[in-house]
Amino acid sequence: MEKNDNLQDADGNSPEMDQRILDAQDALENAMLEEATTLKQEVQGQETTDSDDASSEPIKLGSNKVSKKLEDTSTTHEDAILEERKTAGKSPVMIVDSEEDEDDNEPEEDSVKEIEEKDYDSMEMPALITELRHLMQEYPINSFRSQAEDIKKAFESAEAEANKEALEKFKEQHPPSDEAVAPEFEYKNQFATEFYDLHSLYRKQKGQFQRDKRKQQELNLEKRREIIEGIKLLINQEETIGTTFKKFHSLQEKWKVTGTIPHDAYNITWEDYRLATQNFYDYIDLSKELRDKDFERNLEFRKKIITRAIELGSEENIHKALRELQELHRMWKEDSGPVAKEERDPIWDEFSAATKVIHDKRQAYYDERDKMSAHHQLVKENIVAEIAKITAKGAKNHREWQERLEEINVLRELFTSTGPAPKTVNNELWTQFRARTREFNKVKNDFYKGLKKEQQNNLEAKMKLIAIAEDHQNSENFNEGLQVMKRIQSEWKQIGHVPRKDSDKIWKRFQKACNGFFEKKTAQKKEDNKEEVDNFDAKMKVYDALKEMIPQDDKASMLSEVEKHMADWASIGRVPYSKRMIQEKFEKLLQAKLKAAGLSAVDAEMLKYQNKLASLKSGDIQDFKNERFYLKKRRDEIQDEVRQLENNLQFINAKDDKNPFLVQQRKNISELSKELDVIKEKQKQLNILQRQIQKDEEEDAAENETSEEEDTAESTE
């Protein structure tokens, strides 16, 4: 708990005031009482009887004559006290104790606003520079010594941490090697130069302020010594008591308004002033009436001090209340004179009680601050533990690391916005916070270093795919090229991220190579499509001609004409894929015309199939495979259906030939059997065609081989 409030004499308990001061005041008041009683008795004795006591000194007329009722000529003292109280009441003076240290951190004017408490240890270097500059611009140079020192310590700590981090990074980037010329570590911190220049300016301004303050204190010391000498000279002046008292009070007022003096001269100067004042009271023939009146004035002044002290008990700003209370104690000690003996203890007890209220509030304030500091300690400890937990948890990818980083930033903001913990642990907590944060950053950086290496490997893999794409972009073999392009595009998607600086560049290069191939393939396809469109137009003419055929009585002639159209249709090549339905329409039309020509359904189907075989022979190998697959699939389906129908018949009375269901089932089985025969015949014809194709290919291969041998023989000859 901080209790450096410079209230050495502002304690509400006895011995709250300096015992030496209390003894001096008691001695002064007792001397005044005894002197006044003695002088009064002597004066009364002179007025009634003559004294033969040789040891009695004669009383000087004019200087100590008190037999007459004196006029109240000492109103100057009362006016000064009232004026002092008005000034204190209207504009409370900021306390500057005469015994305060040269380096005290309290401002000299009450108009100076309070300096907000901040946790400098949690600030970054730029923020510390800004804070020191703000204090220098907004507050008196002598009012924030402790804050300036705290800022300097916090900056030095932050700079040391930054230096350490820079050194660790340098070691990672430049591992030890046997090279003759190795780079040397050099730490440059632009903030350090700015801060130390600013702090140097602060020390220069503060030093000048201290020199000016010391010079002014020396002048004040000379003034106070002159006042003491002036009080001493009053003893030797032959004047009326009223006039002498006016001068004495005037010197007292000058003493009050004289500023602070050097600390090392305070005690001896105050003692000289007290002795000079006591000697003055010892010298003056003070009447009881004048003495009592002076006591009353002093009592009234002290009561006003007490009233103000009681009012300070309601002051919300405890620091302001403590500073003004210190000034009230100074006024009690220096500005107020003695009071009657019977009033001394009660009036002091009353002042002590008012003082104790403020000190109790101060204690409550510090107790509450200690509670908040303990709470802040718990919060900061939890934050440090949570950062360590997040670091241990880590992340698997960039998105998760960004989430962890956001969590750390939230915790960092919470840590810096949380008030200070107890001073015994505050610096240690800050050190732990910085250490845990560095650990998190190291783990995060290690991940991204590994990610950078992985991205470099991904870059190399994608560059290989680019090379393949560029090799095939001008390929004339579109079937093979298409398979290659599909494969490398799939592999490209499987490869992870590459460095950001290369991402767009390599993608555009890869895309350009792929687009080059597909554009060339598309152009070729358009060229091929032109032929397919012409084939479609030709087949439409055959279709229209077949459609316009009129049934004839001469079935053979009609069949011959239909077969001619079938041959024309088979001689035409492929049509566009979007027009493929023309084949189905033609086959339906052909079925009807063959039936009209007198062929049975089976014969018509087989004749029509001969036309399809012709197209398969000249078509694509894939069409041939598709036809074989279709026939096998349809044969299996028919056999399954026949088997199922035959199983169903077992549950029906087979002797009942008129049963409609039985009749229908047998009809279905018969139709499926006929279709099965057709399918089998088609498979037979397809096999014959396949063997014929293979035979032709073998003969062609043999002819080519023979031709090559003949060519070789001729070249040999």
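Beyond its neighbours within four places in sequence, K539 is in contact with W569, I572, G573, V575 and Q583, contact meaning heavy atoms within 4.5 Å.

The model is predicted: local features need pLDDT of at least 70, side-chain atom pairs count only at pLDDT 80 or more, and totals for chains, interfaces and linings use all residues. Residues are numbered from 1 along each chain as its sequence is written, and side-chain values use heavy atoms, with hydrogens and water left out.

The chain as a whole provides the setting for that residue. The protein chain has 19 helices and 0 strands. Of its 717 residues, 39% are buried. Among contacts in the chain with a separation of 6 or more, 79% are accounted for by residues 24 or more positions apart. The accessible surface comes to about 43300 Å², and carbon and sulfur atoms contribute 49% of it; such areas come from the Shrake-Rupley method with a 1.4 Å probe, and for residues only the protein chains shown count as cover.

Helix packing can be followed from α5. The axes of α5 (residues 190-234) and α7 (residues 263-283) come within 9 Å and cross at roughly 15°; axes are lines fitted to C-alpha atoms, for helices over the stretch in contact, and angles run from 0 to 180 degrees between N-to-C directions. This angle makes α5 roughly parallel to α7, since angles under 35 degrees count as roughly parallel, over 145 as roughly antiparallel, 65 to 115 as roughly perpendicular and the rest as oblique. The contact is made by R214, L221, R224, I228, I231, K232 and L234 of α5 together with D264, A265, T269, D272, Y273, A276, T277 and F280 of α7. These residues divide into 8 nonpolar, 2 polar and 5 charged, with Ala, Val, Leu, Ile, Met, Phe, Trp, Tyr, Cys and Pro counted as nonpolar, Asp, Glu, Lys and Arg as charged, and the others, Gly among them, as polar.

Helix α5 also meets α6 (residues 241-257), their axes coming within 10 Å and crossing at roughly 165°. That angle makes α5 roughly antiparallel to α6. On the α5 side the contact involves R224, I227, I228, G230, I231 and L234, and on the α6 side T244, K247, F248, L251, K254 and W255. The residues of this contact divide into 7 nonpolar, 2 polar and 3 charged.

Two loop residues complete the account. Y139 lies in the loop between α3 (125-138) and α4 (145-173) and is buried, with a relative accessible area of 10%. Y139 and E114 are 25 residues apart in sequence, with 9.2 Å between their C-alpha atoms. G419 is placed in the loop between α11 (398-417) and α12 (423-472) and is buried, at a relative accessible area of 19%. Not counting residues up to four places away in sequence, G419 touches H376 and K380. G419 and Q377 are 42 residues apart in sequence and 8.8 Å apart in space, C-alpha to C-alpha.

Key. Helices (H or I, at least four residues) and strands (E, at least two) are DSSP runs, numbered from the N terminus. Buried means under 20% relative accessible area, exposed over 50%, partly exposed in between (1.4 Å probe, protein chains only).
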